[in-house]
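Please prepare a short report on the structure shown below, covering the surroundings of the ligand, the packing of helices and the arrangement of strands.

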Amino acid sequence: MLITELKAKETILAGLGEKVFVIFCHGCKEIRFPEKEADALLAELEAAGKVTGSIVTDYICEPANLKLRLERHAAAIDAADTILVASCGVGVQTVASAFENKRVVAACDTYALPGFQGVTPLEHDCRQCGECYLNLTGGICPLTACSKGLVNGQCGGCKDGKCEVDPGMECGWERIQKRLAQIGRLDALKSPIQIRNYATDVNI
Ligand code: SF4
Ligand code: SF4
């Protein structure tokens, strides 16, 4: 089970470009979605003339479903330089994978709660850490893509792009660097992530 909380407005706005397409995922809404706050943020962005389109949908964590839901919004998405996603960390990562050349911004932090979670088949993983880093890592979760869960960059052990802990897997931080280069956000690596707040991660 999980809950999502909207990040601070200033944090979200700082990550946006000029034009934004907005996705709200209500797939797990019965658990917790910050609907009022998200609607207020959308209204503010619309009033500022930043929004090319928006959609309220469900289960964007499932890639085929995401593709289907967004088909009729292709022009609005093309017109945006940023996609703002209010969902759990899996949903944001699925969108980032589907739009590798666009800036994808997570609007929410995801927290774990014990109990059942309505999940769809996942290509991406989220530890529900309560302090989502995807806006600094190009939409790739550093906690699950890196064997050591490092949040401030690569360890010294990567060899030929492979992880020193598991040589069968691509180094997560290599992937993050490639993705940031792809979307023109390598500058994100210049501002190291703060000391991680482990208190928000109930999985530890
Ligand atoms: S950083 Fe990773 S674990 Fe934390 S909320 Fe984001 S996707 Fe989930
Ligand atoms: S090699 Fe890469 S993925 Fe593996 S632990 Fe080091 S930084 Fe993380």
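## Surroundings of the ligand

In this predicted model, ligand 1 is surrounded by G89, T110, C126, R127, Q128, C129, C132, Y133, L134, C141 and L143, a residue being near a molecule if its C-beta atom, placed from the backbone, lies within 6 Å of it. By class, this shell has seven nonpolar, three polar and one charged residues, where Ala, Val, Leu, Ile, Met, Phe, Trp, Tyr, Cys and Pro count as nonpolar, Asp, Glu, Lys and Arg as charged, and the others, Gly among them, as polar.

As the model is predicted, local features need pLDDT of at least 70 and side-chain atom pairs count only at pLDDT 80 or more, whereas totals for chains, interfaces and linings use all residues. Residues are numbered from 1 along each chain as its sequence is written, while chains are lettered from A and ligands numbered from 1 in the order in which they are written.

## Sheet

Four strands (DSSP runs of E, at least two residues) form an open sheet with parallel pairing, in the order β3-β2-β4-β5, and two strands pair if DSSP finds at least two bridges between them. The edge strands, β3 (51-57) and β5 (103-106), each pair on one side only.

Within the sheet, β2 (residues 20-25) and β4 (residues 82-86) pair in the parallel sense over five bridges; V22 has L84 in β4 as its bridge partner.

Contacts between α3 and α5 (C-beta atoms, placed from the backbone, within 7 Å) bring P63, L66 and K67 in α3 together with T94, V95 and A98 in α5. The residues of this contact divide into four nonpolar, one polar and one charged.

Key
Contact = placed C-beta atoms within 7 Å.
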